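Here's a friendly walk through a protein chain for anyone meeting it for the first time. Take a look, then read on.

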Amino acid sequence: MTELTMPATLAAEPLFGLPLSDLWFGLVFFIFGMFLFLDGFDFGVGALFALRDDADEREQLLSAIGPFWDGNEVWLVVFGGTLFAAFPAVYANLFSRYYLLMFAILGALIVRGLAPEMYEQRHDEAWQRWWGRAFVVGSLTAPFFLGMFTANWLLGATTIVTLPGVVVGLAVVALTVVDGVAFLRVKTRGDLRADLQTDGYRALGAYLGLIVLTLGYVYAGVPALRSSLFSVPVAALVLATLVLAVVYAVATKEDRYYVAFGAAAGLVFALVGIVAGLMYPAIDRAGGLTVETAIVSTLPLNLMSIGAAILLPLVFVYFGVLYSAFSGPIEAGESY
Amino acid sequence: MIDPVTGSRLQFALTTIVHIIFPVMSMGLAPFLIYFTWKDIRTGKAIYEQLRRFWTRIFAVSFVVGTVTGLVLEFEFGTNFAAFSTTAGELFGGPLALEGMMAFMLEATFLGIFVFGRERVGNVLYMISAVAVGLGTWLSAVWILIANSWMQTPRGYELATENGQTIVQLVDPVAAYANPRFPWMFVHMQNAAVESVALFMAGLGAYFVFRHYVWGYPVENVRFWETTLKFGLVALLITAPLQVIHGDLYAQHVFQTQPQKFAAMEAVWETDSYVPEYIVAFPTSLEDLLNPRAKNIFGIGIPGGASWLASHGDPQATIRGLEEFPGPQPPVAIVFWAFRIMVALGFWFILLAVWGGYRWWTGDLLEDDLLHKALMASTPLGILAVELGWIVTEVGRQPWVIQDVLRTSDGVSPGLTAAEATATLAGFAVVYLGLLVLYTYVIVRIIRAGPPDVDGASRQESPETPTSEAGTDD
């Protein structure tokens, strides 16, 4: 095996002369966006679980995400993996700098991941009440801590608890509720579907308010990012957020469920895009690393690029198969 | 307060030891589930639907707990071993990313269909889902073991300086990733996983068979448990001898490539030839009990045995002793005993397999209550053997996190405080213990509920007809 050698060009220059470091910066955020969008509606469903006390409706909420959430959460694993593979120093800096916050995220995800599985294991009232609560708590705290992490990362915070961190954390929670409502209106029917409309509007209002606060803070409090705020991509994404919010509200009102779901997805990717746009060309402000200085050397970068170019399209095929197998509203009594 | 280095090492050990149980269950169950699904679709027999549905429930719970505990491990490289991650990220990050994209995605998406989709999708897609889930669990092990084997026998790298830090730079990916250790680790691990599940099945089946035929309690679905026992035995007959054979070859590979670990496994202090294979070994004074450098050992051993094993047949072969390796040593007692107990268990499993196979052949598999008791007692021992094997692998390579390149103590996050390390270690001790209790509780509940009733199930049949075509047609 060892006599085999790689083509020399793989070690010499990026594949086809592509700007691979920038592409990987984009890819890492895209994967983060996929996670926040897909697992976001799982989180939102968990938050909405708190607002429903009818046992049947609660079962419907769990059935709606049942086949999907495992796959959705894998995007977080892939986010961690790609950040590690492409920008190992950033991975190391961020995760060790926000040490306790990372474990808070993990704790929330453990609770959130276990709760639906445990909820279905027994059907007595006390058991389901406690695991129902665990599901709600995990679903609210996971996006909140993830929002804090994102804000700290962007602003280069050196402590864990910061005011913008808390505001962005709340914004991400609101966004997951918007996302969850959009998903559930595709997956459910009847009274439940109708009742969710108001929750969606409230969450959307809260999200927009919190985002305005955050952008105001960045403008007034972080001069280093002010010019990025008015760069074309970031300004366009802020504008897109407003447009998507209107689309979401109108589509929800007119019961165009898939349009509203698409708009919710757009809102998530717009947020992630704003964060990436504000951050670039830095990738770890507090650690003084830019995309160019933090990227791995050419050989592993080329290999990873080939791997991702083959595998990510395959992953979309898997998701296509999964989501089409379970398309449309859930049927009563679906389980294994 | 525990210092950050010790705290991080203990935390990683704790989270790994607990986490490994769940992938072992899913990797070991994967071939069974593929087979049960295939037979269910092809024959339509109730027994296969019961087997598929029952073991799918156990798989699903194992997968969920494996996911949440595994996520922690991935993050711990960044949180607790940031210096390692910065140093080795170029080589080590790629396999982790590819594990996620190639293996975990396949497993997690098709698990949705496999668990929830029997009524929703056709037979072909359902069968594809079973294979995809199984393939995903095994591919996951491929990437994790590629990463781990590189740490054991690093190849294909150069040291370079980047951003003022020494880093490991990938220069020859084929040498790095088609690592000499990988095939040994992969075969040994996957066979161990199937063997562990085989023991679990055989023990579980034996329990209900024992209750029914020996104690005389009426057990519902007794035919299901007989079949489970037989599947466990068949798999054990295949995996148990293989495990010991390639385990022996693997140990020779360790002797050639990680002599310090081999010396710890055999507790060889001074370089010597004609080294005995100790069955038992104790330091002769109490003071030496915790001293890894202790040289005065009382032991019962086979003369020349260790040399003979290491060299593939030469009792005169020289084994390098721990004294040849400067600096800290691995905790020899842990490695020595973990290795010995693992090997003893390996032989015990062969004995069990042969015993059970013989009783099956003579036709009194269901009556031999001593065999039932032995199988019941051995239900968790496969997983114990896996744990011990990993302890030999991971503790045995200390003080190195990357053999001869980076010490574990130099891989810990530089900014980590004792308070942080202590807090998360304590947190994980509580959470992971709770997870273990919860997992055991749920698995026991699933077992007590038994297989689901399906049309034409065996529960209506007379328990006096123990023979089944189901377990014997392969």
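How much accessible surface does chain B have, and what share of it belongs to carbon and sulfur atoms? The total comes to about 18300 Å², and 65% of that belongs to carbon and sulfur. Keep in mind that you're looking at a predicted model.

Now for the overall build. Chain B is put together from 15 helices and eight strands. A compact globule of 474 residues would have a radius of gyration near 23 Å, and chain B comes in at 24 Å, so the two agree.

Here are a few percentages for the chain in one place:

| Feature of chain B | Value |
|---|---|
| Buried residues, out of 474 residues | 59% |
| Contacts joining residues at least 24 apart, among contacts between residues at least 6 apart in sequence | 80% |
| Accessible surface belonging to carbon and sulfur atoms | 65% |

What about charge? Chain B carries 41 negative side chains and 26 positive ones. The centres of these two sets sit 7 Å apart.

Finally, zoom in on one hairpin. Strand 1 of chain B (residues 157–162) pairs with strand 2 of chain B (residues 165–170) in the antiparallel sense, over six bridges. Within that pairing, B:Tyr157 stands opposite B:Leu170, which belongs to strand 2. Two residues lie between the strands of this hairpin, and B:Asn163 takes a positive phi near 50° there. As for side chains, in a regular strand they alternate between the two faces of the sheet.

Terms used
Residues are numbered from 1 along each chain as its sequence is written. Chains are lettered from A and ligands numbered from 1 in the order in which they are written. This is a predicted model: local features need pLDDT of at least 70, side-chain atom pairs count only at pLDDT 80 or more; totals for chains, interfaces and linings use all residues. Side-chain values use heavy atoms; hydrogens and water are left out. Helices (H or I, at least four residues) and strands (E, at least two) are DSSP runs, numbered from the N terminus. The radius of gyration is taken over C-alpha atoms; the globule rule is 2.2 Å times the number of residues to the power 0.38. Buried means under 20% relative accessible area, exposed over 50%, partly exposed in between (1.4 Å probe, protein chains only). Contact means heavy atoms within 4.5 Å. Accessible areas come from the Shrake-Rupley method with a 1.4 Å probe; for residues, only the protein chains shown count as cover. Lys and Arg count as positive and Asp and Glu as negative; His and the chain ends are not counted. The place of a charge is taken as NZ of Lys, CZ of Arg, CG of Asp or CD of Glu. Two strands pair if DSSP finds at least two bridges between them.
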